[in-house]
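Please read it with the structure open beside you.

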Amino acid sequence: MKYKYAKNDNYEDFSSGRVLYHASGMTNFPVRLAQEIFGWCLQYSPKNNDICLYDCCCGGGYLLTVLGFLNQGIIGKIIGSDIDTKLLDIAEKNLSLLSEEGMDKRIAEIDQMIESFKKKSHVEARESAVTLKGLIRSNISFEVFRSDALKKIDLKTKPDIIVTDVPYGNMVDWAGDEEKVIDRLLDVLYEVCHCDTIIGLCMNKKQKVGNEKYLRLEKHKVGKRKFEVLKRK
Ligand SMILES: C[S@@+](CC[C@H](N)C(=O)[O-])C[C@H]1O[C@@H](n2cnc3c(N)ncnc32)[C@H](O)[C@@H]1O
């Protein structure tokens with residue numbers, strides 16, 4: 001795939017476990033790919049600011065937090081849900097970094113680590129934290145809650161864009177029956193979408209979307225993954 005929206009940049013300030021908190025067992029979602037999927041979704045969205053972004057399998061909130069940093073002035077609200085409450089605690093901590101106050105707390109935490117361990121990696125993490133703090137130009141509100149994405153999701157606000165990296169075996173499995181799981185997920189998401197909500201769904205190449213309630217706007221393969229951009233018919 002040729003990238004259209006995300007620059008070929010050095011994204012090491014976003015490395016999981018550096019400034020953003022790492023959720024154990026989670027794969028590191030590629031930052032450039034996250035931004036590319038969001039870019040496609042935004043292109044099809046009639047809204048171009050104050051976007052409400054939702055991830056129904058948000059894990060530790062890494063993908064959402066990265067998108068928050070990279071789309072200041074475009075994203076107004078972030079909502080994440082996951083079946084695993086331990087991961088949601090991490091998601092909350094990660095999303096708190098999107099405010100200057102949250103980032104100041106993180107910098108103080110890193111300062112403590114520098115003092116205790118005198119490690120170069122912590123000094124580099126501090127530099128990254130200062131860089132990320134410099135990206136903050138708007139106040140993105142956020143909420144996270146526990147929900148099984150294969151059952152009904154009780155979402156109060158209808159999102160403008162949904163970007164989600166669904167479980168694909170190996171490290172992260174579906175908590176639920178595997179058969180036609182993507183189509184079941186899309187049935188559930190259908191109920192939380194408004195008529196212009198754009199969905200960017202990232203999965204492995206073997207997973208298939210066959211849900212006829214949706215129009216496929218894009219389909220791209222990237223390494224072991226593929227993503228599709230979908231909209232309600
Ligand atoms: C590939 S990971 C997503 C990682 C996430 N994008 C991040 O940035 O940390 C898939 C997530 O789906 C969650 N999950 C598995 N089954 C689920 C279900 N039935 N409903 C909601 N979330 C589920 C897992 O707990 C895991 O956090």
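1. At 31% relative accessibility, Lys 47 counts as partly exposed, where buried means under 20% relative accessible area, exposed means over 50%, and partly exposed lies in between (1.4 Å probe, protein chains only). The model is a predicted one, in which local features need pLDDT of at least 70 and side-chain atom pairs count only at pLDDT 80 or more, whereas totals for chains, interfaces and linings use all residues. Residues are numbered from 1 along each chain as its sequence is written, and side-chain values use heavy atoms, with hydrogens and water left out.

2. Which residue meets the side chain of Lys 47 in a salt bridge? The partner is Asp 160, at 3.0 Å from N to O, a salt bridge being a side-chain nitrogen of Lys or Arg within 4 Å of a carboxyl oxygen of Asp or Glu. Asp 160 lies in the loop between strand E3 (141-146) and strand E4 (161-165), and Lys 47 in the loop between H1 and strand E1 (51-55), so the pair ties together parts that are 113 residues apart in sequence. Helices (H or I, at least four residues) and strands (E, at least two) are DSSP runs, numbered from the N terminus. Asp 160 is buried, with a relative accessible area of 6%.

3. Asp 111 is partly exposed at 29% relative accessible area, and Arg 126 is partly exposed at 31%. In the other, the side chains of Arg 216 and Glu 228 meet at 2.8 Å, N to O, and the pair links strand E6 (residues 214-222) with strand E7 (residues 225-232). Here Arg 216 is partly exposed at 44%, while Glu 228 is buried at 1%.

4. Helix H1 (residues 31-44) and helix H2 (residues 62-70) pack at an angle of about 70°, with their axes 10 Å apart; axes are lines fitted to C-alpha atoms, for helices over the stretch in contact, and angles run from 0 to 180 degrees between N-to-C directions. The two helices are therefore roughly perpendicular to each other, a term that covers 65 to 115 degrees. Val 31, Ala 34, Gln 35 and Phe 38 in H1 meet Tyr 62, Leu 63, Val 66, Leu 67 and Leu 70 in H2, contact meaning heavy atoms within 4.5 Å. Eight of the nine residues of H2 are buried, so this helix is largely enclosed by the rest of the structure.

5. Asn 71 sits in the loop between H2 and strand E2 (75-82) and is buried, with a relative accessible area of 4%. Its side chain makes a polar contact with the side chain of Gln 35 at 2.9 Å. Leaving aside neighbours within four places in sequence, Asn 71 is in contact with Gln 35 and Phe 38.

6. Phi of Asp 50, in a residue other than glycine, is positive, near 55°, and Asp 50 is exposed at 52% relative accessibility. Phi of Lys 118 is likewise positive, near 50°; Lys 118 lies in the loop between H4 and H5 and is exposed at 66%.

Definitions and conventions:
Parallel < 35°, antiparallel > 145°, perpendicular 65-115°, else oblique. Polar contact = N/O pair within 3.5 Å; in protein donor to acceptor, adjacent residues only side chain to side chain.
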